[in-house]
Amino acid sequence: MKLYCLSGHPTLPCNVLKFKSTTIMLDCGLDTTSVLNFLPLPLVHSPRLSKLPGWVSKDGAINLEKELKECAGRVFVDSQPELCLPERELLDLSTIDVILISNYHCMMALPYITEHSGFTGTVYATEPTLQIGRLLMEELVNFMERVPKAQSASCWKNKELQRMLPGPLKDAAEVWAWKKCYSMPEVNSALSKVQLELFGAVQVSPLSSGYSLGSSNWIIQSHHEKVSYMSGSSLLTTHPQPMDQSSLKNSDILILTGLTQMPTANPDGMLGEFCSNLGSHDDPRRGQPSVPCYPSGVIYACWSACTSSSIAPNLGSTPFYFISPVANSSWSSPRSSPSGEWLCHNKQSKVYLPEPPFPHAELIQTNKLKHYPSIHGDFSSEFRQPCVVFTGHPSLRFGDVVHFMELWGRSSLNTIIFTEPDFSYLDALAPYQPLAMKCVYCPIDTRLNFHQPLHVVCPEQYTQPPPSQSHRSDLMLELSAPPVPYRRCSVLSLPFRRRYERIHLLPELARSLLPSEVKPGVSVATVSGVLHSKDNKHTLQSVPKPPPAAPTKKRKRVVEEPPEVLAPKPLLSGVVPLDGFLATLHKHGISEVKVEETADGHILHLQAEDALIQLEADATHIVCDNNEPMRTTLRDLVLRFLQKL
């Protein structure tokens, strides 16, 4: 059993497990943090961004001013943002039989795998994961395609040139694995390969992980082995189904990814801070708050908190604007029947009732929360201030949020509130510096923390304190059995040996067996047959008899005869008792016996016969040089105490 690690991001994993001749990809996360190295894509012309100076090395030897722009002491790539793909050279991706998706954040690289690697297998995901994953992909494609950039930048990726660049671009890893975003035809083709029913070579089962709507952990098992894959799990009580913990027990191997990125940030405390910062903008003179977000996930928790917290009266008639190309679809997906089955029990019962399952439905009904596909069209005519704007993308590199950063960033009255934990807020704000608006960082991450006593295979980031809290040894996995860490491009031989395999006997072979009872309730039979193995299924068949030679008048050709099948020698069972065996030797005239005790049993020295008998728990040895009659006699005496099968 081997594990290939294709991603270096601990919460956006992409691993490949080779198990019983089956090649299984566990998630295909897309590392979007690479876009932080690019300039934003403004929806309207930005004089500020267009006037940024090109970068030239201090000595003038390197001139990349057409590809790189400098802003507030940092260098950014001036081209269409690129995304960091999973490693594609470590193994042949066309050999993958199946891809298992755990949640919608971990499927964003799917079109790169299914459309450009020769992949012919099947993808498995839950219904809500498929629905919401499609929305995230569609939004990403829309953000990229509506602000295209003609120029491309690749010269800076030269290893020799990159070493000369200022940080953090100098330290960017795997830059040749960065690619432009896929297209909607590629998305549709990739998602057409997703199935909701599971296959049978090895059994795989999704279990609710409690992290997001439709998120699941996976159990991969055969008749005698069990591998559990955990990715993005939560024990908090939120809108998804609670995490199924009991089914993960008794696993031979546990592959753990997707722990919280913010172990020191309590989700409830962060929600409270989010609400209090929104409540401080109930007056037009206090500016406008904006919240960069995805179209699903944390945003629902924020809206629900707004309806149930004490800030709701403070905001009065202040409207909430949700702007996303998939905003309308995002609202309808949690109410669909298949997705409703993955909600917690309280919300699940409301799916089939007129009452909305989510508290923020009250904001929609009262027209306080409105949604728009973009800042153009109806939004431009209905927009009024003060307001709260929820829009993407959390990286601040593309999407409608870029427009609001350019519009509101120069006023200290306005506020941007970061709730998504995927991006460093300082890196996200870098190309907008100098920035006057207030910044609030309250990341909401409900995934498991580092205090779970598990024997695991996990990203190496979990075996050491986070860089921002290097003194906090409690924020790392410390287990009685040390975890097996991995990093991008690692290939691990997992510490697991298969000991048993299930074999099916054909009926005619089973009828020929003659069981012998070796102890009460336990019978044993010998069997001879031919083992056929195909598709991880093993069948034992009777030994075929050689066909009789057909009579012919022609001269017989010398052919090799099939080997004669000999009856198997009988197997022996039992233990030779020392006292009983000594008494038997005495009856047969062998009385001079010296007994020596050993770690494995006893050694009997027959002095007059110049012979030696070694009695062990699982073997008996008779040494009798140049006296075959005596050896045969001693053998027969030993066999009296053993049972033949």
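User: Are Y321 and F379 buried or exposed?
Analyst: Both Y321 and F379 are buried, where buried means under 20% relative accessible area, exposed means over 50%, and partly exposed lies in between, using a 1.4 Å probe and protein chains only. Please keep in mind that this is a predicted model, in which local features need pLDDT of at least 70 and side-chain atom pairs count only at pLDDT 80 or more, while totals for chains, interfaces and linings use all residues. Residues are numbered from 1 along each chain as its sequence is written, and side-chain values use heavy atoms, with hydrogens and water left out.

User: How many aromatic pairs does the structure hold?
Analyst: There are 19 aromatic pairs in the structure. Rings of Phe, Tyr and Trp (for Trp, its six-membered ring) pair if their centres lie within 6.5 Å, and planes under 30 degrees apart count as stacked, over 60 as edge-to-face and the rest as tilted.

User: What about W303 and F322, how are their planes set?
Analyst: W303 and F322 form an edge-to-face pair, with 5.0 Å from centre to centre and 75° between the planes. Because W303 lies in helix α7 (residues 298-308) and F322 in strand β16, this pair ties together parts that are 19 residues apart in sequence. Helices (H or I, at least four residues) and strands (E, at least two) are DSSP runs, numbered from the N terminus. W303 is buried, and F322 is buried as well.

User: Why is the pair of Y321 and F379 edge-to-face?
Analyst: The ring centres of Y321 and F379 are 5.3 Å apart and their planes stand at 90°, so the pair is edge-to-face. Y321 belongs to strand β16 and F379 to helix α13 (residues 378-382), so that the pair links distant parts of the chain, 58 residues apart.

User: Which residues form one aromatic cluster?
Analyst: One aromatic cluster is formed by F274, Y300, W303, F320, F322 and F390. As for F320, K368 lies over the face of its ring, at 5.5 Å from the ring centre, and a charge sits over a ring if NZ of Lys or CZ of Arg is within 6 Å of the ring centre and within 35 degrees of the ring normal.

User: Switching topic, which residues in the largest nonpolar core touch the most other members?
Analyst: In that core of 66 residues, M25, C28, I99, L110, Y182 and L396 touch the most other members. A nonpolar core is a set of buried Ala, Val, Leu, Ile, Met, Phe, Trp, Tyr and Cys residues joined through side-chain atoms within 4.5 Å. The largest share of this core, 8 residues, comes from α3. Apart from it lies another core, of 28 residues, including M270, V298, C306 and L369.

User: Where does I101 lie?
Analyst: I101 is found in the loop between β7 (98-100) and α2 (110-116), and I101 counts as buried because its relative accessibility is 0%. Its contacts (heavy atoms within 4.5 Å) include D27, C28, V123 and W218, leaving out residues up to four places away in sequence. I101 and M25 are 76 residues apart in sequence, and their C-alpha atoms are 8.6 Å apart in space.

User: How many disulfides does the structure hold?
Analyst: The structure holds 0 disulfides, a disulfide being a pair of cysteine sulfur atoms within 2.5 Å. C275 counts as buried because its relative accessibility is 5%, and C302 is buried too, with a relative accessible area of 0%.
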